[in-house]
Every structure is written in structure tokens, then in C-alpha cells.
Amino acid sequence: MRALETNVAEVVEAYRRQGWAVLAHGIDPLLLADLRATVSRICGMVRPEVVHEEDGETVRALHGCHRFDDVCERLVRHPLFVDLAEAAVGDSVYVYQFKINIKSPREGKRWPWHQDFAFWAVEDGMPEPDAVNIAINLDEVHERNGPLTVLTGSHRLGLVGPPAGSGSAPSTGWQDHVSANLTHSVDDAVVRELAAEHPPTRLLGPAGTISLFHPSIVHSSSDNLSDDRRTMLFITYNSVRNAPRHVTRPSFLVDPDTTAVTRLGA
Ligand code: SIN
Ligand code: MN
């Protein structure tokens, strides 16, 4: 990875202003190949971390892979990612969540409008949105294979979903947090209103592209309407001082190990 060519301060400035940022340089092609091979390998496993679409066959996501796979374990300790996460959060960080979302050609389904922090606050008791998502495109992401779409600047609005007691109580099962029928979603009417001041932006880019987005930014992605797979890997780093207070979800969704991550090679 061309860490030396990344101006972390510049990236984090854009991230704070917009709620998202895309880096000018992607991951090393060898690392990309390694990660893509890892995805194929894990997709063939039968284990609870492998989640399917409603058809029960198409793989939708792989969760918590940093806890059982060496390539993913090393990835979360990559110095560039740790540098970015620490600068974005302003503190030492640990890995709160790790997931690989796979949208199969024609079969991969949407992620409705939501804010990640709504899940983390309500389900896990995370005190503040002092965390950051780092995303890596493992396939090219284009207009038609279900790109991530963010409402620029919406990370400054706080939680915009239904108020407590009308849908923001903890839900009955974690499956509702990883399916195309999400709990804690944001209504389309609210999104239409917000979009006037917070323009929807699609985070597109070739395989290898690295981006950051804020826990409170309103975002979604549509069904994959194309013949091209859309695979994205997401690492959520949380401040070591912001560990959630009442975790009941499985360890592959919320990592119980809140020890600060150590940089590879350090
Ligand atoms: C996606 O994979 O498009 C959505 C990921 C997310 O909402 O965190
Ligand atoms: Mn999300």
C-alpha cells in the first residue's frame, strides 16, 4: 500500500467536512488479490459468520473475519488504516466490526437508508459516534452494481430516524441488522427532505479504492442490477474510550476484544 503517498491529515479534513472521503491511492494489487482469494475461501465455509440473502443460497456478507482469518487479521493492523482511524477518531482504536458485503450479479440486494450509529447506540449502547468506517472496494464499484450512496454532511445532524420508543428500541434479532429489511432505517420521506441540503453522493471507484465514512452519515445502497459482482470490505474502528455498554449481539458482529489494535510490523 502506498502509505507514503497518503496525506492522512488531508483525508481526515475532508472526512470531517463531508462525512466521507475517498483516498487518491488504492491498496496494493497483491493485497487486493489476496483479499479476493480470501473472500472466495470464506464463502465456501459453513459457519455462522457467512450470511445469505433471503433465498438462503446467495452469500450476502461475511462477518468478523478478522477473528478467524489471518489475511483479515493482518489487514486490520495495516499501518495506513490504523493511522487513518486514529486521526479520524482522535484516539487509540480497536476493531468494533469487520464485514465483507457481497452483492452478487443480479441477485445482491439493497441496504436501505440508515445511520450505522443508530444500530450501535441502540443495540450495543455505544456512547458516542467516536468511530470510523474504512471501506475497501474488492470489486469495481460502478453506478449499476449497487454503490454506497451517502448524504454528504448528514453526519452532523445526529440521529434522524424514529425517536426512542417508536422503533429505536433494541430489535429482536441480529438478523434484522444484516438483511435487506433493516431495523433502524431512515424513512424515504426524511431522506428526500435531507437530500435538498445534503446531496446524495455515490462512492464509486475501481477495485482497491479506499474510502472512509462517518457512523452518523445517512447512507444506503441499491440492488445490484448489473452482471458485475460488487464486493466491499468494511472495518469499523472505535475509540478505546467508547466501548459499547450492553453488548448482546454475537461476537462476529460486535468484537468483545476492545484492546487497542497494534500496527503490523510495530
Ligand atoms: C453496503 O454494503 O452497501 C452497505 C454497507 C453498510 O451500510 O454499512
Ligand atoms: Mn451502514
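**Notebook: rings, metal site and ligand contacts**

I began with charges over rings and found the charged end of Arg47 over the ring of Phe68, 3.7 Å from its centre. For this I required NZ of Lys or CZ of Arg within 6 Å of the ring centre and within 35 degrees of the ring normal. Arg60 likewise lies over the face of Trp111, at 4.0 Å from the ring centre.

I note that this is a predicted model, in which local features need pLDDT of at least 70 and side-chain atom pairs count only at pLDDT 80 or more, whereas totals for chains, interfaces and linings use all residues. Residues are numbered from 1 along each chain as its sequence is written, chains are lettered from A and ligands numbered from 1 in the order in which they are written, and side-chain values use heavy atoms, with hydrogens and water left out.

**Aromatic pairs**

The criterion takes rings of Phe, Tyr and Trp (its six-membered ring) with centres within 6.5 Å; planes under 30 degrees apart are stacked, over 60 edge-to-face, and the rest tilted. Tyr96 and Trp120 have ring centres 5.2 Å apart and planes at 75 degrees, so I recorded the pair as edge-to-face. Tyr96 belongs to strand β4 (residues 93–103) and Trp120 to helix α5 (residues 116–124), 24 residues apart. Helices (H or I, at least four residues) and strands (E, at least two) are DSSP runs numbered from the N terminus. Tyr96 and Trp120 are both buried, a term for under 20% relative accessible area, with exposed over 50% and partly exposed in between (1.4 Å probe, protein chains only).

I then examined Phe213 and Phe234, an edge-to-face pair at 6.0 Å centre to centre with 85 degrees between the planes. Phe213 is in strand β9 (residues 210–213) and Phe234 in strand β11 (residues 230–239), so the pair ties together parts 21 residues apart in sequence. Both of these Phe residues are buried.

**Manganese ion (ligand 2)**

I looked up the donors, defined as N, O and S atoms within 2.8 Å of the metal (3.2 Å for Na, K and Ca); water is not among the atoms, so sites may look incomplete. The ion is coordinated by His114 (NE2), Asp116 (OD) and His219 (NE2) at 2.1 to 2.2 Å. The donor spacing in sequence is H-x1-D-x102-H. His114 lies in strand β5 (residues 111–114) and His219 in strand β10 (residues 219–221), so the two tie together parts 105 residues apart in sequence. His114 is buried at 6% relative accessibility, and His219 is buried at 3%.

**Ligand 1**

I listed the residues around ligand 1, among them Asn101, Trp111, Asp116, Leu148, Ser221 and Phe234. Oxygen atoms of ligand 1 lie 3.2 Å from a side-chain N or O atom of Lys99, 3.0 Å from a polar side-chain atom of His114 and 2.8 Å from a side-chain N or O atom of Arg230. The protein covers 99% of the 260 Å² of accessible area that ligand 1 has on its own; accessible areas come from the Shrake-Rupley method with a 1.4 Å probe, and for residues only the protein chains shown count as cover.

I placed Asp255 in the segment after β11, buried at 8% relative accessible area. Its side chain makes a polar contact with the side chain of His66 at 2.7 Å. A polar contact is a pair of N or O atoms within 3.5 Å; within protein, one must be able to donate a hydrogen and the other to accept it, and residues adjacent in sequence count only if both atoms are side-chain atoms.

Finally, I located Pro215 in the loop between β9 and β10, buried at 0% relative accessibility.

How values were computed. Near = heavy atom within 4 Å.
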